[in-house]
Amino acid sequence: MQTKLPQDIEWRLPRHARSVGRARRLFREQAASWALPEELTDTAELLLSELLTNAYRHARTPAGREIWTRAVLTDDRLRIQVTDAGDTLPVPRTPSPEDESGRGLALVALLADEWGARERETGVGKVVWFELAHPHGVDGTG
C-alpha cells in the first residue's frame, strides 16, 4: 500500500470568543473534504473547541495577537494543535461539581489518544495539541 502524504491545513484567528465557533465550522468543512468519519470529526471538533477556548480565555497576551490552529491528517492519525502567545503551559485540574468551567483539559485527556503542550521553538508562546487515531486510513478502507 502506498503511503499518502500528510494533509495539512492551518487557520489564523483573532484571539476572541467568536473564533471558537469559526474554527469549529472551518474544521467541520475540512473534515468533510477529507471524508473523515462522523465520530472522529465530532470528537476532534469538541477537543478543538476546548483548546481554543482555553487559548482565548487564559493566554495573557497583548491585544491583536492571533491564535493559530493546525490540523494534520496522516494515514492513521489526526493531529490538531492550537498555538497562542501565552507563556504558561496548561495544567489539568479537578474542578468541583459547582464549577462552571475547568473541564476542558480533562476532556482532552479522556478522549484523545495522545495530547500534550510545549513551548514554541521561537520562545514566544506555546503549542497545545492532541491526536486521534484513525486506524482505517483516510478513505476508511484500512
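## Checking the labels

Q: What makes the link between the side chains of Gln81 and Arg79 a polar contact?
A: In this predicted model, the two side chains come to 3.5 Å from each other. The cut-off for a pair of N or O atoms is within 3.5 Å, so the pair counts as a polar contact.

Q: Why is Gln81 called buried?
A: Gln81 has a relative accessible area of 14%. Gln81 sits in strand β3, and, leaving aside neighbours within four places in sequence, it is in contact with Trp68, Thr69, Arg70, Val127, Val128 and Trp129.

Q: Why is Ala35 called exposed?
A: The relative accessible area of Ala35 is 53%. You'll find Ala35 in the loop between α1 (18-33) and α2 (38-58).

Q: Why does Val124 count as partly exposed?
A: Val124 has 38% relative accessibility. Buried would need under 20% and exposed over 50%, so Val124 falls in between. Val124 belongs to the loop between β4 (114-119) and β5 (126-133). Its C-alpha atom is 8.5 Å from that of Asp84, and the two are 40 residues apart along the chain.

Q: How do you know that the length of α2 agrees with what a helix of 21 residues should span?
A: At 1.5 Å a residue, α2 should span 30 Å, and its end C-alpha atoms are 30 Å apart, so the two values agree.

Q: Which residues of α2 are buried, and what do they pack against?
A: The buried ones are Leu40, Thr41, Ala44, Glu45, Leu47, Leu48, Ser49, Leu51, Leu52, Thr53 and Ala55. These residues pack against α1, β2, β3, α3 and β5.

Q: How do α2 and α3 pass each other?
A: Their axes come within 9 Å and cross at roughly 145 degrees, and the crossing is left-handed. On the α2 side the contact is made by Thr43, Leu46, Leu47, Glu50, Leu51 and Asn54. On the α3 side Gly104, Leu105, Leu107, Val108 and Leu111 take part.

Q: Which residues touch the most other members of the largest nonpolar core?
A: Phe27, Leu36, Leu78, Ile80 and Phe130 do, out of 28 residues in that core. The elements giving two or more residues are β1 (7-14), α1, α2, β2 (66-73), β3 (77-84), α3 (104-111) and β5. The largest share, seven residues, comes from α2. In soluble globular proteins, nonpolar side chains tend to be buried together.

Q: What does Ile80 touch?
A: Not counting residues up to four places away in sequence, Ile80 touches Phe27, Ala44, Leu48, Thr69, Arg70, Ala71, Val128, Trp129 and Phe130.

How values were computed
Residues numbered from 1 in each chain as written. Predicted model: local features only at pLDDT ≥ 70, side-chain atom pairs only at ≥ 80, totals over all residues. Heavy atoms only, no water. Helix = DSSP H or I, 4+ residues; strand = E, 2+ residues; numbered from the N terminus. Buried < 20%, exposed > 50% of the residue type's maximum accessible area, 1.4 Å probe, protein only. Core = buried A, V, L, I, M, F, W, Y, C linked by side-chain atoms within 4.5 Å. Contact = heavy atoms within 4.5 Å. Polar contact = N/O pair within 3.5 Å; in protein donor to acceptor, adjacent residues only side chain to side chain. Expected span 1.5 Å × (residues − 1). Axes fitted to C-alpha atoms, helices over the stretch in contact; angles between N-to-C directions. Left-handed = near helix turned anticlockwise from the far one by under 90°.
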